[in-house]
Amino acid sequence: MLKSKTFVKKTRAGGVMKVVREHYLRDDIWCGSEVCTECKDGAPVLQQDARVESDLCAYPHYLIPDTNVVLHQIDILEDPLIRNVIILQTVLQEVRHRSPPVYKRIKDATHEKEKHFYTFTNEHHRQTFIEREQGESINDRNDRAIRVAAKWYTEHLNKAPSVGELRVVLLTNDRANRDKAEQNGLLAYRCEEYIKSLTGNPELVDRLALTSDDQNEITGSKLLFPEHLPLSRIQAGIKSGTFLQGTFRASRDNYLEATVFVQREGDDSTEVLLQGLQNLNRAVHQDVVAVELFPKEQWVAPSSVVLQDDRPIDKETEEEEAEKKLESPVLDPSRLKPTGRVVGIIKRNWRPFCGMLNQSQIKEATRHLFTPADRRIPRIRIETRQASTLVGQRIIVAIDGWPRNSRYPNGHFVRNLGGAGDKDTETEVLLLEHDVPHQPFSQAVLSFLPKMPWGITEEDLKVRADLRHLCVCSVDPPGCTDIDDALHCRELENGNLEVGVHIADVSHFIRPGNALDQEAASRGTTVYLCGKRIDMVPELLSSNLCSLRSNVERLAFSCIWEMNHKAEILNTRFTKSIINSKASLTYAEAQMRIDDASMNDDITKSLRGLNTLAKILKGQRIAKGALTLSSPEVRFHMDSETHDPIDLQTKELKDTNSMVEEFMLLANISVAQKIYEEFSECALLRKHPAPPPSNYDILIKAAKSRELEIRIDSAKALADSLNEAVLEDFPYFNTLLRILATRCMMQAVYFCSGMDSDFHHYGLASPIYTHFTSPIRRYSDIIVHRLLAVAINADSTYPDLMDKHKQSSLCNNLNYRHKMAQYAQRASVAFHTQLFFKNKGILNEEGFILFVRKNAIIILIPKFGLEGTVFFENNDKPGPRLSFDSEGPTLTVEDQHTFHMFDRVRVTISLDASNIQHQKIRMALVEPVIPGVSVALPEPEPEAKKLKLDR
């Protein structure tokens, strides 16, 4: 049966267009129940015995939640106890429109077989489809559609001979909807009423999201915050320029201060400073807000005060004293920042937050405060009956709302992650806090993997270059199982060299638009933590079929150059290929072969040829102005049984690291040129913007303090002056300068060529660059492979690949995922560093001052690649006299010693575990000796104790 909807709409050109939408209604949409004999459903989802232990519904029943229940109570619906749920198409469409994250979660729940969630397409069923009536709002029409579907289910199932006591229960928190459902003879309950009746899992009540009625119950009557303006007023204000729209960024160090980042036309952006609870007005980190600017005479400077919100839990003291600390007279008008207040929230960006419970001091209390691990998030008030078991645990809490009369937002308990300090729990916390998708791959994703056993087919041989005879080998870090790249080098008959970079052909296995592709695009990158890897693609691909392991046939995408002995490229070709790697080597093994004069087999000769060319290529790059920067990277040696770190040392780089890197860079540049040549509007490229000159201030000052000059007018000038900045009596000085130069750099980003005009990669001194060489661990490379395949007629295109706007939004996600992966890696290193020092007592090490601050020095310990801060102020006792000179920068302590950048110092290192949620490495000064400031050397520990600790 066909229904059609006709309406007219105005076109951009000012004309009128008639639109006819066809809507098909069917009779063959099944109810999905095992009870039913009328529907010819071969694989029913809803069980016949749908019984749950409940005081309210002692009979078997199916649940039909309305849209608001799905949106707000998704944590409840995901619980294993909740089964046999009918998700209506009406509900699913509304949820998809209003909250994509909740939509994904409810879709995942429908794919879990043991939950028995059934999606019923009521909008296409002849007996459940309804038209919107005259004067009826969309919401009212959808509520009616839900009631009609519930009524149909009740009557339809009653016809079944074995229906027994089976009932259909509508869950809705909308009073009007519930009343109308009951008038229609339907069974309808409030979500809270139903959940409280479940005797099987009383803790489920803690996960109920608070409705607006409940929220007012929890909070006081005194209004603490100004009202948020309605969206219509906000939009009008933004249009007229009265208000500004931007992203709210809370401060880590001061809970009474935040900035709003306002993006204007083009690249122009402004930051608006907010100070005081009233002006922050219930905004939470990353919310999109509307702000009103104050007149210039009310502008203030950012506060240098550190304020943590750690007042006693049950004592809501006034904020006035804390806010007074913010008020300090500003002598330098250049420090004043545009200042304003939040007038409304445009979009909440709340997510589930990890943290710990602060149990109320009141006995038998059910209301407690939760402190998030992220200091930028306010404490959250929750209601739970299991506080005593949750103390000392890492838990997840979601925010439900923030009424005007509540000092803190209200929320609900979601789940318990495990004991604080436990390695698995802390890893889970850092993955969640950095928004790293790490759940197991779903069945929908895994269904697109190739069937095993897999092998090269006749079809593959017809369309690919057969390079199995070549002496190809891979060189990677020890223990690497996701081998993306392999290399070969051989002499041609004409005396030139043929060099090939062979990259795993991941795009052959991951086809555009399927569930596997969508999951890889969402994850964006593989995340490497200490002792753990979160794959972007399932293991069958990452560690097996796409991994270019030795002595197995693999599909590859090859970039092959003909070069002369001066490493000049004479000819480049790209081809899909089949290879058989002859060796999987580590960097150390490859280096050993190159250095061992007695070895002259084909693999070793190939490696020597590659190494010689790589040195020439590196020289050419550096001559063009490519930067050689430094960052202290560390490697942990893990105990084979406990997997705890037992040793920590900085990574040592060999020639072979550089050899592989040079050919990867060359392949990336060659591919970038090719895809841009073919697709100038939609090539996915990578750029590294030149830093603004002010970024280099600290680097220039550091060099000047040692009477050296750093030139920054070009990357070449910077590279040359870094090479020249050498001190005979201080060999580590140049490394420190390069570490500092790394901190001055901008972030490299992916972009779409049709949306940008500046392609230059500053760090590599290359006019164009992309990522092609790691498709197992980076989604950007999969897109680049697809573009290159289309360019050489090896694969067909698809619409999204040629759409520069889609490509650009994909780049935004990839840049976000890469940034969060980097932060997660750093957090993992920090956590393992804490584990390492936990059993070491107090260590005494040499370090160098990296930065000088007003009241502290930041120190780098080269042995561990570790950074820490020595503070000269202590809350418990009066601090020493400090004199800071920002020009140096230098810090003079007690008129006895002046600290400069890069000074050599000795410090003690220990773990401060006084705050279980925020443990940190604490450093104290040993040398130079300053009476009353420096500490004595720690006593050497008895040998027996040492042995016990090191075991």
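Me: Which residue does Gly355 stand opposite in strand 14?

Reply: In this predicted model, Gly355 stands opposite Pro372 of strand 14. Strand 13 (residues 353-358) pairs with strand 14 (residues 367-372) in the antiparallel sense, over four bridges.

Me: What closed barrel do the strands form, and in which order do they run?

Reply: The barrel has five strands in the order 13-14-15-17-16, and the pairing is mixed. From one strand to the next, the twist averages 55 degrees.

Me: Which strands does helix 13 lie across?

Reply: Helix 13 (residues 423-433) lies across strand 13, strand 16 (393-401) and strand 17 (410-419). With strand 17 the helix makes an angle of about 140 degrees.

Me: Changing topic: at what angle do helix 19 and helix 20 pack?

Reply: The angle between helix 19 (residues 587-595) and helix 20 (residues 602-624) is about 95 degrees, and their axes are 9 Å apart. The two helices are therefore roughly perpendicular to each other.

Me: Which residues make that contact?

Reply: Helix 19 contributes Ala590, Arg593 and Ile594, while helix 20 contributes Ile603, Thr604, Leu607, Arg608 and Asn611. Four of these residues are nonpolar, two polar and two charged.

Me: And Leu684, buried or exposed?

Reply: Leu684 is buried, with a relative accessible area of 0%. This residue lies in strand 29 (residues 684-687).

Me: Which residues does Leu684 touch, leaving aside those up to four places away in sequence?

Reply: Its contacts include Ile675, Tyr750, Phe751, Leu787 and Leu814.

Conventions: Residues numbered from 1 in each chain as written. Predicted model: local features only at pLDDT ≥ 70, side-chain atom pairs only at ≥ 80, totals over all residues. Heavy atoms only, no water. Buried < 20%, exposed > 50% of the residue type's maximum accessible area, 1.4 Å probe, protein only. Contact = heavy atoms within 4.5 Å. Axes fitted to C-alpha atoms, helices over the stretch in contact; angles between N-to-C directions. Parallel < 35°, antiparallel > 145°, perpendicular 65-115°, else oblique. Nonpolar A, V, L, I, M, F, W, Y, C, P; charged D, E, K, R; others polar. Pairing = 2+ DSSP bridges.
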